[in-house]
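Colleague: I'm new to this one, and I'd like to learn how to read it feature by feature. Could you walk me through it?

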Amino acid sequence: MTRRIRFNAFDMNCVAHQSPGLWRHPDDRSHQYKELTYWTDLARLLERGRFDGIFIADVLGTYDVYGGNDTAALRQGAQIPVADPLLLVSAMAAVTDHLGFGVTTGTGFEHPYPFARRLSTLDHLTKGRIGWNVVTGYLPSAARNFGAADQLDHDERYDQADEYLEVLYKLWEGSWEDDAVVRDAAAGVYVDPAKVHHIGHGGKHFTVPGIHLSEPSPQRTPVIYQAGASSRGVRFAAENAEAIFVAAPSKRVLARTVRTVRDALVAAGRDRYAARIYALATLVPDATDEAARRKHQEYLSYASVEGGLVFVSGWMGVDLSHYDLDDPIGEVHSNAIRSIVAAFQESDDEGREWTVRDIGRFAAIGGVGPVFVGSGETIADRLQEWAADTDVDGFNLAYAITPGTFEDVVRYVVPVLTERGAYRTEYEPGTLRDQLFGAGDRLPDDHRGARYRLGAPDSTVLPDELSREPRQAVAATG
């Protein structure tokens, strides 16, 4: 049987996203991120290409590791200016019927109680097409602007995120019974109070005694996305995620990463294929291989090495501005940088020694994933080869220019994969979760969140008579 390949579009409510400098290309429209028509046109295009969804990244800080400030990030438009991703979803949902929406927010910068309502609202408005990418944060600038000296320690951020998810699962899964909304006009009862339950949560980081403010949405819990790469992040993803994003510059590294994630899913008591795994990639297709190579060279002429180094410095926590661009990577005293370059070199047939400039150039188009260049047939060959050899489910597609890169994928690559039986011919009906797995709208029983359902054997939601807050008379004020 031909292996099916899935596509997700990777974008951000900002300029250039992961291709700094490409905003200067005459065909790039990323500067129109402030206009709803940019997003609604993109949503229609992706649905025409039968993408699983659009994954919208976000940061709540600036990349200020490079040079010790945010000057270079601002100069390059490196994910700054940036706007809220959640506010885009309703407009895109209104012009599509099937496209999913994965939105990014951090667990360290918003209390889970109002956030639960925001996601339930979007799940209602999209008819069950919303997903949430859980991030714990990695930019120190974000923490400072929320009143902290720095981020929490790495593992402590995940410990806090564990409790954050616990609160959300209790609200989404354990507060309202499915038939709580009765709308009984004759009796004058809209909601049966006996079927709405206070969650009674009291933990290290959060105290949430009350009920969820929203009635159950189509999925209750949105599809959970995650992209943690550390051992702690992989464990967190294995316990919670249903779609996992990974980034690996070579096929060998990707195969190792996918195997690690699937092993972690089993260790968490879930099926080995309980989560869809998408690998970061950027495609540069055209009618012929030669035309695609010319296009790629044109893109490289606009790409910003400095912008690439701004991103890598922020991702790795190492200020690469201290080094000359032509310094060999051996002069950079950072295990994090060396490990990522070692991964790059696995896909480098020349076997050369990488320089700081090479790092910036590599990261300047699409981030730290591979760039596949060629005709639709050539790229389809590469994608099918990578999927077969790594066990990945699909690809999270970054862009060089937008929407041009996505238009080229839909024009040149999707038809070839479809003809080969490696890409779906039409959308399946239903919610995002049902489209991804074909097993219904709600969390499966082996998912961590399922234990917080009302009546679950180990549910921690308190019986209603014990959890309701005492009511106090309040004098009315005018």
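Colleague: Let's start with Asp286: which residues is it in contact with, leaving aside its neighbours within four places in sequence?

Modeller: Contact here means heavy atoms within 4.5 Å. Asp286 is in contact with Ala291, Ala292, Lys295, Gly374, Ser375, Gly376 and Tyr412, once neighbours within four places in sequence are set aside. With Lys295 there is also a polar contact, 3.0 Å between the two side chains. A polar contact is a pair of N or O atoms within 3.5 Å; within protein, one must be able to donate a hydrogen and the other to accept it, and residues adjacent in sequence count only if both atoms are side-chain atoms.

Colleague: Where does Asp286 sit, and is it buried or exposed?

Modeller: Asp286 belongs to strand 11 (residues 276-286). Helices (H or I, at least four residues) and strands (E, at least two) are DSSP runs, numbered from the N terminus. Asp286 is buried because its relative accessible area is 14%, and buried means under 20%, exposed over 50%, partly exposed in between (1.4 Å probe, protein chains only).

Colleague: What should I know about the model itself?

Modeller: This is a predicted model, where local features need pLDDT of at least 70 and side-chain atom pairs count only at pLDDT 80 or more, while totals for chains, interfaces and linings use all residues. Residues are numbered from 1 along each chain as its sequence is written, and side-chain values use heavy atoms, with hydrogens and water left out.

Colleague: How many helices and strands does the chain have?

Modeller: There are 16 helices and 13 strands. Of the chain's 478 residues, 56% count as buried. Among contacts with a separation of 6 or more, 76% are between residues 24 or more positions apart.

Colleague: How do I read two helices packed together?

Modeller: Two packed helices are described by the angle between their axes and the distance between the axes. Here, helix 10 (residues 305-316) and helix 12 (residues 356-363) pack at about 90°, with axes 7 Å apart. Helix 10 is therefore roughly perpendicular to helix 12, a label for angles of 65 to 115 degrees; under 35 counts as roughly parallel, over 145 as roughly antiparallel and the rest as oblique. Axes are lines fitted to C-alpha atoms, for helices over the stretch in contact, and angles run from 0 to 180 degrees between N-to-C directions.

Colleague: Which residues of helix 10 make that contact?

Modeller: Val305, Gly308, Leu309 and Val312 do, meeting Val356, Arg357, Ile359, Gly360, Arg361 and Ala363 of helix 12. The residues of this contact divide into 6 nonpolar, 2 polar and 2 charged. Ala, Val, Leu, Ile, Met, Phe, Trp, Tyr, Cys and Pro count as nonpolar, Asp, Glu, Lys and Arg as charged, and the others, Gly among them, as polar.

Colleague: What span should helix 10 have?

Modeller: At 1.5 Å a residue, its 12 residues should span 16 Å, and the end C-alpha atoms are 16 Å apart, so the two agree. The expected span is 1.5 Å times one less than the number of residues. Just after helix 10, Gly317 has a positive phi of about 75°. At the helix start, a side-chain oxygen of Ser304 comes within 3.4 Å of the backbone nitrogen of Glu306.

Colleague: What does Gln79 touch?

Modeller: Its contacts include Met12, Cys14, Tyr63 and Phe311, not counting residues up to four places away in sequence. The side chains of Gln79 and Tyr63 make a polar contact at 3.2 Å. Gln79 lies in the loop between helix 2 (71-76) and helix 3 (89-94), and counts as buried because its relative accessibility is 3%.

Colleague: Which peptide bonds are cis?

Modeller: The bond from Ile80 to Pro81 is cis, with omega near 5°, and Pro81 is in the loop between helix 2 and helix 3. Another cis bond joins Thr402 and Pro403, with omega about 0°.

Colleague: And where does a residue other than glycine take a positive phi?

Modeller: Arg50 is one case, with phi near 60°; this residue is buried at 16% relative accessibility. Lys127 also has a positive phi, about 60°, but Lys127 is exposed, with a relative accessible area of 69%.
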